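Here is a friendly walk through one protein chain, from a single residue out to the packing of the whole. Please keep the sequence and the 3D view open as you read.

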Amino acid sequence: MRCIGKGAESARMFCGIMNLPRHPQNSQSTTTFYCRQQEKPVNTVWQKLFVKPLMKMMEKGTLLLLLMVAGRSVVFLRRMALVTVTSVDTGKVIDVEVFSKHCICPNKTKHLQNCKRNFEGYSGKMEVAGALSIFQRSQSLYNVRYTKYLGDGDSKAFTSIVENKVYGDHCSVEKLECIGHVMKRMGTRLRRLKTKMRRQKLSDGKPLCGRNRLTEAEIDRLQAYYGLAIRRNLSSVKDMQQAIWAIFLHKLSTDEKPQHGFCPSDSDTWCKFKKAELLGETYHHKNSLPVDVVEAMRPVFRDLANPELLKKCLHGGTQNPNESVNNVIWSRVPKKTFVQLEVLSLGTYDAVSSFNMGNVSKLEILRKVCIEPGDYTVQAMECLDKQRLLRAKYYCLQKTKEVRKEKRLKRKKEDDELLKNADDLEYGAGMF
């Protein structure tokens, strides 16, 4: 039941429908008992599966780690949190920390010996403590050092790691930026600019946003182009800067004043003006923005083309593996449902095992609890893994990506039309 994200109540319903007997004792206590019994073997399997990706990293001679502190989204009623660390090279989870502030001791000043609380302090500090704990034990447990940290731009966890000098004065931890998060900054900054200048008129007498100006669909396109400018030029910060300013000048270009000096001029260029120039054809600009609109965006492009920022993106890595493992954890331990520490640990270790090695890891877990998997169990786990890989390949197809992109753009255009006709709505907050 825990593998499918259900608990004691769902187990009682299942037993009732299937005409299975209930445990004679309290059902909730029985569930907690079995969670405790399964936590150790599941954790053992997770630790065993952890060694393989770590050894692969050491063979490559790289210790570049992707750290995603999930305390912001992995807080259960502000009392529990977990932190995961994922390898950039392998995409596998290599360490995890589970925290709980929940205590059921009758005397809060004198806790019992088996008290489940393993953290004291405010909830926002759990992500910092988890990251610090994982870095501090890396040498004693695994004899490795995590020399690079890939996380959010304003991560408090990285600041804590640097201040505590986890590896001494002779080995510092370098901060890297997630390309996905850096790319989203373009959209965030432009939307903030759009909101700030919503009621202002530009020098042409029109507002910043509106038809054929800075719309939500246009912001999404600029954000995507900014991300491509980074991903296609991972070898040089200078090339990244040139590609970013090429976007700015490309939107500024008109038939009377083309400005495509920074656009690539090779045969597979994305610039239609350059492509037409190579073919000896005439190109008419269709997707240009008004000069005043583009000039209003100049400070955003200047900040996001900063060499210090782009230098942290040369690695080409993202936090996507962490987002994926979080999704697997939520399928076992839903965020909206409060659970005890044993249940959270069990769900986390099972999710990590499945994420690293697939559903076949459950076969090893069953053997750890002295249950030999049957033929149907083996076939089911292998079939689930095969289907998961097929879905992943399908989602990675270029055609599938284009379909998803078109759907997002269509949805953004519809939202823009709704905002444009907002005055004609017959229902809204405060209207009655």
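## A threonine in a strand

Let us begin with T84, which sits in strand β2 (residues 80-87). Strands here are DSSP runs of E with at least two residues, helices are runs of H or I with at least four residues, and both are numbered from the N terminus. With a relative accessibility of 0%, T84 counts as buried; buried means under 20% relative accessible area, exposed over 50%, and partly exposed in between (1.4 Å probe, protein chains only). Its side chain makes a polar contact, at 3.4 Å, with the side chain of N322. Such a contact is a pair of N or O atoms within 3.5 Å; within protein, one must be able to donate a hydrogen and the other to accept it, and residues adjacent in sequence count only if both atoms are side-chain atoms.

A word on the model: it is predicted, so local features need pLDDT of at least 70 and side-chain atom pairs count only at pLDDT 80 or more, while totals for chains, interfaces and linings use all residues. Residues are numbered from 1 along each chain as its sequence is written, and side-chain values use heavy atoms, leaving out hydrogens and water.

N322 is one of the buried residues of α13, along with V325, N326, I329, W330 and R332. They cover an arc of only 155 degrees around the axis, which puts them on the same side of α13; the arc is that of the directions from the helix axis to the C-beta atoms. An α-helix has 3.6 residues a turn, so residues three or four places apart point the same way.

In helix α9 (residues 272-279), the buried residues are F273, K274 and A276. Seen down the axis, they fall within an arc of 160 degrees, so they line one face of α9. The face turned away from that buried side carries the exposed residues K272, L278 and L279. Just after α9, G280 takes a positive phi of about 75 degrees.

## The nonpolar cores

Which residues touch the most other members of the largest nonpolar core? Of its 34 residues, they are L208, Y226, I230, M297 and F301. A nonpolar core is a set of buried Ala, Val, Leu, Ile, Met, Phe, Trp, Tyr and Cys residues joined through side-chain atoms within 4.5 Å. The elements giving two or more residues to this core include α6 (179-196), α7 (216-231) and α8 (237-252). Helix α8 supplies the largest share, eight residues.

Apart from this core lies another, of 22 residues, among them M80, V325, V333 and L346.

## The chain as a whole

The chain has 17 helices and five strands, and buried residues make up 42% of its 432 residues. Among contacts with a separation of 6 or more, residues 24 or more positions apart account for 65%.

Note on methods. Contact means heavy atoms within 4.5 Å.
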